[in-house]
Amino acid sequence: MEPTGLLRDKAVLVNGGTQGVGAAVARAAVREGALVAVTGRRREPGEALVAELTAAGGTARYLQADLADAGRARSAVAEVVDAYGRIDCLVNSAGLTARGTLLDTTPELFDAHIAVNLKGPFFAMQATVADMVARGAPGTIVNIITSSAHGGQPFLAPYVAAKAGLAGLTRNAAHAHRFDRVRINGLNIGWTATEGEDATQRRFHGAGDDWRERAAERLPMGRLGRPDEIADFVVLLLSERSGVVTGSVIDWDQNVLGGLD
């Protein structure tokens with residue numbers, strides 16, 4: 001997509017922004033003129049991404065953070081405000097997809113899913129909206145959720161529980177802050193070709209190097225979703241071009257909920 005300045009001079013924080021969908025969002029936001037900060041647990045890929053973005057003429061910084069720590073989720077927002085003077089946009093893209101069924105999920109695994117997939121985003125949103133409200137300024141938030149939030153596979157029980165909570169939180173917060181002109185939306189993304197998904201397929205499903213090709217054969221469009229496509233849509237939702245839309249949790253997938261063969 002050719003740059004059009006959709007996010008010119010907007011201060012954007014992308015949680016879980018060092019790889020996959022989050023990194024694609026960071027690239028797209030910089031391309032559209034944003035001042036970007038990305039969080040992630042691993043310093044090496046975070047610093048490599050920032051080096052890439054700044055070499056291309058963008059403004060970006062890396063903040064080491066584990067979003068399972070609610071205090072760090074809030075303090076990362078404070079660091080963005082310190083660096084850029086404000087926060088205009090937040091993207092919650094961090095996610096844990098470790099497998100677990102209703103019968104074999106331990107309390108520890110359940111708590112880990114809640115911490116990363118729900119609690120971290122909650123407190124990042126809290127700090128972000130607090131800055132927007134204090135300044136009396138509009139802002140936008142996009143939560144990366146999952147199509148599995150509608151029910152999902154049996155082996156994703158704790159993931160589904162946490163992400164379904166994030167979908168509900170998205171609507172609740174959007175309703176609560178609509179008169180503050182803070183717009184909050186979510187994307188229920190489907191199967192996407194990311195580094196994290198590659199690792200998950202190999203670790204939990206014994207997948208080989210050809211797993212993407214095998215998966216594509218079973219999908220309606222003949223391929224998995226791409227992070228750059230999702231990123232373009234996220235940028236649109238963050239920008240003023242998405243108008244007054246708030247409280248929407250959009251199914252970004254090639255399978256149709258409720259459709260039956």
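Reader: Which residue in strand 2 stands opposite Val12?

Author: The model is a predicted one. In it, strand 1 and strand 2 run parallel and are joined by four bridges. Across this pairing, the residue of strand 2 that stands opposite Val12 is Val36.

Reader: Are the two faces of strand 1 covered or open?

Author: In a regular strand, side chains alternate between the two faces of the sheet. On one side of strand 1 lie Ala11, Leu13 and Asn15, and on the other Val12 and Val14, all of them buried. That accounts for the count of five buried residues out of five in strand 1, because buried means under 20% relative accessible area. Both faces of strand 1 are therefore covered.

Reader: What is the hand of the β-α-β unit made by strand 1, helix 1 and strand 2?

Author: Strand 1 and strand 2 run parallel. Together with helix 1 they form a β-α-β unit, and its hand is right-handed.

Reader: What is the order of strands in the open sheet of seven?

Author: The pairing in this sheet is parallel, and the order is 3-2-1-4-5-6-7. Its edge strands, each pairing on one side only, are strand 3 (59–64) and strand 7 (249–252). Ignoring direction, neighbouring strands are turned against each other, on average, by 15°.

Reader: Which element gives the largest share of the largest nonpolar core?

Author: This core has 31 residues, and Val12, Val36, Val38, Ile144, Val234 and Leu238 touch the most other members. The largest share, eight residues, comes from helix 1.

Reader: How many residues are in the other core, which includes Val80 and Ile145?

Author: The largest core holds 31 residues, Ile144 among them. Apart from that one lies another core, which also includes Leu169 and Ile184, and its size is 30 residues.

Reader: Is Glu32 buried or exposed?

Author: Glu32 sits in the loop between helix 1 (20–31) and strand 2 (35–40). A polar atom of its side chain lies 2.9 Å from the backbone nitrogen of Gly5. The relative accessible area of Glu32 is 0%, so Glu32 is buried.

Reader: How does Arg178 count by accessibility?

Author: Arg178 is in the loop between helix 5 (157–176) and strand 6. Its C-alpha is 9.9 Å from that of Val245, 67 residues away in sequence. The relative accessibility of Arg178 is 40%, which means that Arg178 counts as partly exposed.

Conventions: Residues are numbered from 1 along each chain as its sequence is written. This is a predicted model: local features need pLDDT of at least 70, side-chain atom pairs count only at pLDDT 80 or more; totals for chains, interfaces and linings use all residues. Side-chain values use heavy atoms; hydrogens and water are left out. Buried means under 20% relative accessible area, exposed over 50%, partly exposed in between (1.4 Å probe, protein chains only). A polar contact is a pair of N or O atoms within 3.5 Å; within protein, one must be able to donate a hydrogen and the other to accept it, and residues adjacent in sequence count only if both atoms are side-chain atoms. Two strands pair if DSSP finds at least two bridges between them. A crossover is right-handed if, with the strands pointing away from the viewer, the path from the first strand over the helix to the second runs clockwise. A nonpolar core is a set of buried Ala, Val, Leu, Ile, Met, Phe, Trp, Tyr and Cys residues joined through side-chain atoms within 4.5 Å. Axes are lines fitted to C-alpha atoms, for helices over the stretch in contact, and angles run from 0 to 180 degrees between N-to-C directions.
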